[in-house]
Amino acid sequence: MFKNLIGRNHPDFSTMRQQDAHEFFPHFVPTVEQKERAEKCDPTEIFKFSVEQRLQCMECKKVRYMTSTTTDISVGVPVRRKKRELAGDVETDGSVSKDVFEQVRLEECLDMFVGQEMVPGWNCPNCKRKTVAVK
């Protein structure tokens, strides 16, 4: 019933096919916000947080801050293959394994998200030209 109620009039979520949770959530939050607007009680507020971005021009050293409110972030996950002694080892279930990857800790992904990143070709509002910025 819940899926039918939230997915009503949506081309993907109104079907009985399996859907991705990350695709569903951005549809779910505004739907609940709209329905609860009259009640002046928004239960989706608990999912919202602010993300602040800091950009510093490497030319003039001026800093620009931008803050946005969101319900999710996208973090990169480093891919590191484990070394295997023999390529194509046979698993216990009889299948042939090809790639085995090292585990990645959530903290490492979050550190990458908040870490410094070079932004080439950034249009500095202070310098009025394309420079490199540090994000």
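Throughout, a residue is called buried under 20% relative accessible area, exposed over 50% and partly exposed in between, with a 1.4 Å probe and protein chains only. The structure is a predicted model, in which local features need pLDDT of at least 70 and side-chain atom pairs count only at pLDDT 80 or more, whereas totals for chains, interfaces and linings use all residues. Residues are numbered from 1 along each chain as its sequence is written, and side-chain values use heavy atoms, with hydrogens and water left out.

With a relative accessible area of 26%, C60 is partly exposed, whereas C109 is buried, its value being 6%. The structure holds zero disulfides, a disulfide being a pair of cysteine sulfur atoms within 2.5 Å. C60 accordingly takes part in no disulfide, and the nearest cysteine sulfur, belonging to C127, is 3.4 Å away.

Nonpolar cores were taken as sets of buried Ala, Val, Leu, Ile, Met, Phe, Trp, Tyr and Cys residues joined through side-chain atoms within 4.5 Å. The largest such core has six residues, namely I6, F13, F24, F28, V29 and V32, and α2 gives the most to this core, with four residues. Helices (H or I, at least four residues) and strands (E, at least two) are DSSP runs numbered from the N terminus. Contact means heavy atoms within 4.5 Å; leaving aside neighbours within four places in sequence, I6 is in contact with F24, H27, F28, T31 and V32. A second, separate core of five residues includes C57, W122, C124 and A133.

T44, placed in the loop between α2 (21-36) and β1 (49-57), is buried, with a relative accessible area of 1%. When its neighbours within four places in sequence are left aside, T44 is in contact with V29, V32 and E33.

Pockets were located on a 1 Å grid over the protein atoms alone, a pocket being an open set of points where a 1.4 Å probe fits, with protein on both sides within 12 Å along at least five of seven lines, and lining residues having an atom within 4 Å of a point. The largest pocket has a volume of about 370 Å³, where grid points are joined across faces, edges and corners and the volume is the space filled by probe spheres set on the points. Of the 15 residues that line the largest pocket, E52, Q53, F113, V114 and K135 lie nearest its centre. The elements giving two or more residues to this lining are β1, β2 (63-70) and α3 (106-114), and β1 gives the most, with four residues.
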